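I had a model open today and wanted to go through its sheets and the helices packed on them. Here are my notes.

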Amino acid sequence: MVTKEIQTGVFVHVLPTKQFATTHIAVNFTQQLNRQTLNGRVLASNMLETASAKYSSQTKFAQALSEMTGAAFGTEVFKVGQLHTVRLQLNLVHERFTTAGSHILDDGFDFLNEVINRPIGDEIAGFASVIFNRQKEMALDEVAGLREDKPYYALREALQAYFGVSDQALPAFGTIDGLEATTTQQAWQVWQDSVAHDRIDIVVVGDVDINKVIAATDQFNFAPRRQLLQATYHQDLLPQVKQVKSQDEVTQSRLVLGYTLMSNSDERFIANVFNGLFGGLAISRLFLNIREAAGLVYGISSDYNPYTGLLLVEAGVDQVNLAITTTKINEELQRLQQTLVSEEELAIVKQLLKTSYTMTLDQPLYLADRLYNQQVLHQELTDEAWLAKIDAVTAAQVQAFAQRAVLQLQYEMVGGDANVD
């Protein structure tokens, strides 16, 4: 992998490989999570995926992609701790599979330049209002629709309760109030500011010439910028466990437990193994002992976010079993805190984590995402080193890590027939 800073704060990362028949390009615009810009970035992202000044309708937009031998393009927004990223992704077939004389890589960068630097609209009016209003309606419908996804909605309410008024509580894709309030002019200006000031990481994975890629990025003409990014969010311990109970139209209650568990970057592999043992894998203790053996839940899992220091356990459970399930989850955590895991169980979890990691190595999307994370978070590692770090985790390290977990949140969503799946 080769990295070049083509302008202050603008990086190109190229992973040359003959493994794929495609070339994957991801352009990432990253800034600190900010309530004032979040919704504008979401709507700008939707606009960039739909039209540009040159490709002024969805038909023309689709035709431009079709002319690049059926290229695939899309945008997304996501959070990594306190960072918010708008990502543009373009997948191109390799030139050796196209007609003679094709310059599909150059065409791809030309297309991205049009989308990024020449969106549809202008400085005075902002984004083209007809298209913008349609995209806003679609974004609002999508966010509103998540209300019916009860596991997701319960998790969002739990996170809101835990993070409170902090920007960290905001979902990456915006809020209904925020999206509704964002105007064409505001979204336009937010995007212009993002292009001018965000950290930019251009990631290219495929059988490409590095010098050719670097040359193709010149047309973006990005100005220098300095972004001092801080992904890690720290929240002080609450004076007591925050207990929240909500009622909803559910036949299966939802339980979310939140534990603060701060870690440093050197402990991320210990955290991976701990989470795999606790509830992150299908052979985890929560799954085997609470779902399979005790039959208390319909589904259960844990997830650890090293950038917020939050360990979450989510479960679908009959209302009558909420109390006993909470007790059992805490007992499983206490077992990891008090008793060393056996070498056999530890080895099985490590192998599953390594297998899962290895399986992503033949997917350019995952490779591009990993490269981005490593660069922005300053966690560069070879694949061999990553696997070795997992292997090096000891039972004593897992136990010491688990002992730092402190229960901070108990969220329950109840309603409907407590005993119907």
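This is a predicted model: local features need pLDDT of at least 70, side-chain atom pairs count only at pLDDT 80 or more; totals for chains, interfaces and linings use all residues.

Which strands does helix α7 lie across, and at what angle does α7 run to β3? I looked it up: α7 (residues 184-197) lies across β3, β5 and β8 (199-206), running at about 105° to β3. Contact here is heavy atoms within 4.5 Å, and angles run from 0 to 180 degrees between N-to-C directions of lines fitted to C-alpha atoms, for helices over the stretch in contact. Helices (H or I, at least four residues) and strands (E, at least two) are DSSP runs, numbered from the N terminus.

Residues are numbered from 1 along each chain as its sequence is written, and side-chain values use heavy atoms, with hydrogens and water left out.

**Sheet with β1**
I traced 6 strands in an open sheet, ordered β1-β2-β8-β3-β5-β4, with mixed pairing; a pair needs at least two DSSP bridges. β1 (2-7) and β4 (72-80) are the edge strands, each pairing on one side only. The twist averages 20° from one strand to the next. Inside, I followed β3 (residues 22-32) and β5 (residues 83-93), which run antiparallel and are joined by 11 bridges. There, Q32 stands opposite L83 of β5. Helix α1 (residues 38-48) lies across β3, β4 and β5, at about 165° to β4.

**Sheet with β9**
I then went through an open sheet of 5 strands, also mixed, in the order β9-β13-β10-β12-β11. β9 (242-247) and β11 (297-305) each have a single partner strand, so one side of each has no neighbour in the sheet. Neighbouring strands are turned by 10° on average, direction ignored. β10 (residues 253-260) pairs antiparallel with β12 (residues 310-317) over 8 bridges, and L255 has A315 as its bridge partner in β12. Both α9 and α10 lie across β11 and β12: α9 runs at about 170° to β11, α10 at about 160°.

**Loops**
I checked T183, in the loop between α6 (176-181) and α7. T183 is partly exposed at 32% relative accessible area (buried is under 20%, exposed over 50%, partly exposed in between, 1.4 Å probe, protein chains only). T183 and F278 are 95 residues apart in sequence and 45 Å apart in space, C-alpha to C-alpha. I283 sits in the loop between α9 (268-280) and α10 (285-293), and is partly exposed at 30%.
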